Amino acid sequence: MQHPTPRPSAYQVQERGSHRAEHGAGLGVELAAVVSGACRRAVRDEDRQIDTAHLLHSLLESDPEVCAVLGEDRRIARLLGYLVQRSIAYGLRWQSAVEDSGSVPVVVRTTGFSPLAAAGLECARERAARHGGPARGVDLLAAIIADPQARAVEVLEHAGIGHRDVLARLDAARAGDPLLTERWKG
């Protein structure tokens, strides 16, 4: 099948990513690994850019704290099921469009990332700076679901997980709710 817009090869995307390290700067070892996983997923799926759904998928595979804030195992399994279907469902619709809600400032640009994913990485860095440490998975999760137009939000909603509920849980954790993991405080 011929794609309507020319896309770089997986090799070109991988090469570009290896020469541009700024996407992982200031994130810490764990989130740098999440970003690398999202990049590999985008290359494998032959997507034009790394988007918030790639980041969400990588977070779910590597961060137990993110899984805990999203809820029970059944919900996580359903969410992973939707993300795995990306190449046959969402991905076909998403491959020809850039993830951008129009609300992200034009100055936020990171090569190889959708505008919303790039803004999410920057927001995670800012959240980390406010709590005095490297960005954690929960920082990135909060950042990539803050915009209701994000693909990560679309996937969460399809899996029956309201992004506003997740944001509220993250806020409660930051405020010191004793029922939530102590590590979520910032």
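Trainee: In which handedness does H3 pass H8 in a crossing?

Mentor: In this predicted model, H3 passes H8 in a left-handed crossing.

Trainee: At what angle do H3 and H8 pack, and how far apart are their axes?

Mentor: The angle is about 150 degrees, and the axes are 10 Å apart. H3 and H8 are therefore roughly antiparallel to each other, because angles over 145 degrees count as roughly antiparallel.

Trainee: Which residues meet there?

Mentor: From H3, Thr52, Leu55, Leu56 and Leu59 meet Gly137, Leu140, Leu141 and Ile144 of H8. By class, this contact of H3 with H8 has 6 nonpolar residues, 2 polar ones and no charged ones.

Trainee: Staying with H8, how many of its residues are buried?

Mentor: H8 is mostly covered, with 8 of its 8 residues buried. They are Gly137, Val138, Asp139, Leu140, Leu141, Ala142, Ala143 and Ile144.

Trainee: What covers the buried residues of H8?

Mentor: The cover includes H2, H3, helix H4 (64–70), H7, H9 and helix H10 (163–175).

Trainee: Let us take H7, then. How do the axes of H7 and H8 cross?

Mentor: Helix H7 spans residues 115–131 and helix H8 spans residues 137–144. Their axes come within 8 Å and cross at roughly 130 degrees. That makes H7 oblique to H8. H7 passes H8 in a right-handed crossing.

Trainee: Which residues make the contact of H7 with H8?

Mentor: On the H7 side they are Gly120, Leu121, Cys123, Ala124, Arg127, Ala128 and His131. On the H8 side they are Val138, Asp139, Leu140, Ala142, Ala143 and Ile144. These residues divide into 9 nonpolar, 2 polar and 2 charged.

Trainee: I would like to look at alanine 128 in particular. Is it buried or exposed?

Mentor: Alanine 128 is found in helix H7. It counts as buried because its relative accessibility is 1%, and buried means under 20%.

Trainee: What does alanine 128 touch?

Mentor: Leaving out residues up to four places away in sequence, alanine 128 touches Gly133, Pro134, Ala135 and Asp139. Leucine 140 is 12 residues from alanine 128 along the chain, and their C-alpha atoms are separated by 9.4 Å.

Trainee: A change of topic: where does leucine 27 lie?

Mentor: Leucine 27 lies in the loop between helix H1 (10–19) and helix H2 (28–44). With a relative accessible area of 1%, leucine 27 is buried.

Trainee: And what does leucine 27 touch?

Mentor: Not counting residues up to four places away in sequence, leucine 27 touches Ala32, Val35, Leu121, Arg125, Pro134 and Ala135. Glycine 133 is 106 residues from leucine 27 in sequence, yet the two are 9.2 Å apart in space, C-alpha to C-alpha.

Trainee: Back to helix pairs. How do H3 and H9 pack?

Mentor: Helix H3 (residues 52–62) and helix H9 (residues 151–158) pack at an angle of about 60 degrees, and their axes are 6 Å apart. H3 and H9 are therefore oblique to each other.

Trainee: Which residues meet between H3 and H9?

Mentor: Thr52, Ala53 and Leu56 in H3 meet Arg151, Ala152, Val155 and Leu156 in H9. The contact has 5 nonpolar residues, 1 polar and 1 charged.

Trainee: Which residues are buried in H9?

Mentor: Arg151, Ala152, Val153, Val155 and Leu156 are buried in H9. Just after H9, glycine 160 takes a positive phi of about 80 degrees.

Trainee: Now the whole protein: how many helices and strands are there?

Mentor: There are 10 helices and 0 strands. Of the 186 residues in the protein, 47% are buried. Among contacts with a separation of 6 or more, 62% are between residues 24 or more positions apart.

Trainee: What is the mean pLDDT of the protein?

Mentor: The mean pLDDT is 76, and 66% of the residues reach 70 or more. Over residues 1–22 the pLDDT stays under 50, and the model has 18 contacts beyond four places in sequence for them. The pLDDT is also below 50 over residues 105–109, a stretch with 5 contacts in the model beyond near neighbours in sequence.

Methods:
Residues numbered from 1 in each chain as written. Predicted model: local features only at pLDDT ≥ 70, side-chain atom pairs only at ≥ 80, totals over all residues. Heavy atoms only, no water. Axes fitted to C-alpha atoms, helices over the stretch in contact; angles between N-to-C directions. Helix = DSSP H or I, 4+ residues; strand = E, 2+ residues; numbered from the N terminus. Parallel < 35°, antiparallel > 145°, perpendicular 65-115°, else oblique. Left-handed = near helix turned anticlockwise from the far one by under 90°. Contact = heavy atoms within 4.5 Å. Nonpolar A, V, L, I, M, F, W, Y, C, P; charged D, E, K, R; others polar. pLDDT = per-residue confidence, 0-100. Buried < 20%, exposed > 50% of the residue type's maximum accessible area, 1.4 Å probe, protein only.
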